[in-house]
Amino acid sequence: MIPTKRVSRARVELDTDSIPGGLEQARRIVRCSEFARISEQRAVTANKGADNGIMAVALATGQDTRAISAALHFFARNLGHGGQYGPICQWEMNDQNQLVGELQVPTPVGVVGRLPNTNPTIQNNLALLGHPSAKTLGEIMAAVGLYSSYAAISALSGEGIIRGHMRLHNQAE
């Protein structure tokens, strides 16, 4: 299988009254997403936000994280404005004033083989996910990546990454 040929997708529609900060926050998220389409540097950071969630699932299920990450960045090579590197996740408003997020990512994954068959932790994690097929595991990764993207872009477009992280650290003390 060519690593970038198996593409998994996830989509979410969020009512703005369910978003902290409401409609104005949703609009800021959309502006950040638009910026990632025109700025390769912002797109790299946006993709890292989604990749954090994807890699968590990949590690828990015994996947080749380097192959997944390489496929993601190869896939993103022409998603931006003018064919430049761009974001794998897009955020926009629909006609019902909902925030809509969509993510497409290549998922060269497997659920059989030496590692899943011999590692009890991986077996347990796959069991927790309902013994998914490789296709379903890719969809789970896409959904977690979309959620991770939402969390990152919400923090960026809200109080900011540094301030938000410091607040969380201070709460933990």
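Please keep in mind that the model is predicted.

Let's start with the overall layout. The protein chain is built from seven helices and three strands. Reading from the N terminus, these elements follow the order β-α-α-α-β-β-α-α-α-α. Of the 173 residues in the chain, 43% are buried. The chain exposes about 9,500 Å² in total, and 55% of that area comes from carbon and sulfur atoms. As for how the chain folds back on itself, take the contacts between residues at least 6 apart in sequence: 71% of these join residues at least 24 apart.

Now let's turn to one helix pair. Two packed helices are described by the angle between their axes and by the distance between those axes. Here, helix α2 spans residues 40–60 and helix α3 spans residues 65–75. The two pack at an angle of about 150 degrees, with 10 Å between their axes. Angles over 145 degrees count as roughly antiparallel, so α2 and α3 are roughly antiparallel to each other. The crossing of α2 past α3 is right-handed.

Which residues make this contact? From α2 come Asn 47, Asp 51, Ile 54, Met 55, Ala 58 and Leu 59. On the α3 side, the partners are Thr 65, Ile 68, Ser 69, Leu 72 and His 73. Sorted by class, the contact of α2 with α3 has six nonpolar residues, four polar ones and one charged residue.

Technical notes
Residues are numbered from 1 along each chain as its sequence is written. This is a predicted model: local features need pLDDT of at least 70, side-chain atom pairs count only at pLDDT 80 or more; totals for chains, interfaces and linings use all residues. Side-chain values use heavy atoms; hydrogens and water are left out. Axes are lines fitted to C-alpha atoms, for helices over the stretch in contact, and angles run from 0 to 180 degrees between N-to-C directions. Helices (H or I, at least four residues) and strands (E, at least two) are DSSP runs, numbered from the N terminus. Angles under 35 degrees count as roughly parallel, over 145 as roughly antiparallel, 65 to 115 as roughly perpendicular and the rest as oblique. A crossing is left-handed if the near helix is turned anticlockwise from the far one by less than a right angle, and right-handed if clockwise. Contact means heavy atoms within 4.5 Å. Ala, Val, Leu, Ile, Met, Phe, Trp, Tyr, Cys and Pro count as nonpolar, Asp, Glu, Lys and Arg as charged, and the others, Gly among them, as polar. Buried means under 20% relative accessible area, exposed over 50%, partly exposed in between (1.4 Å probe, protein chains only). Accessible areas come from the Shrake-Rupley method with a 1.4 Å probe; for residues, only the protein chains shown count as cover.
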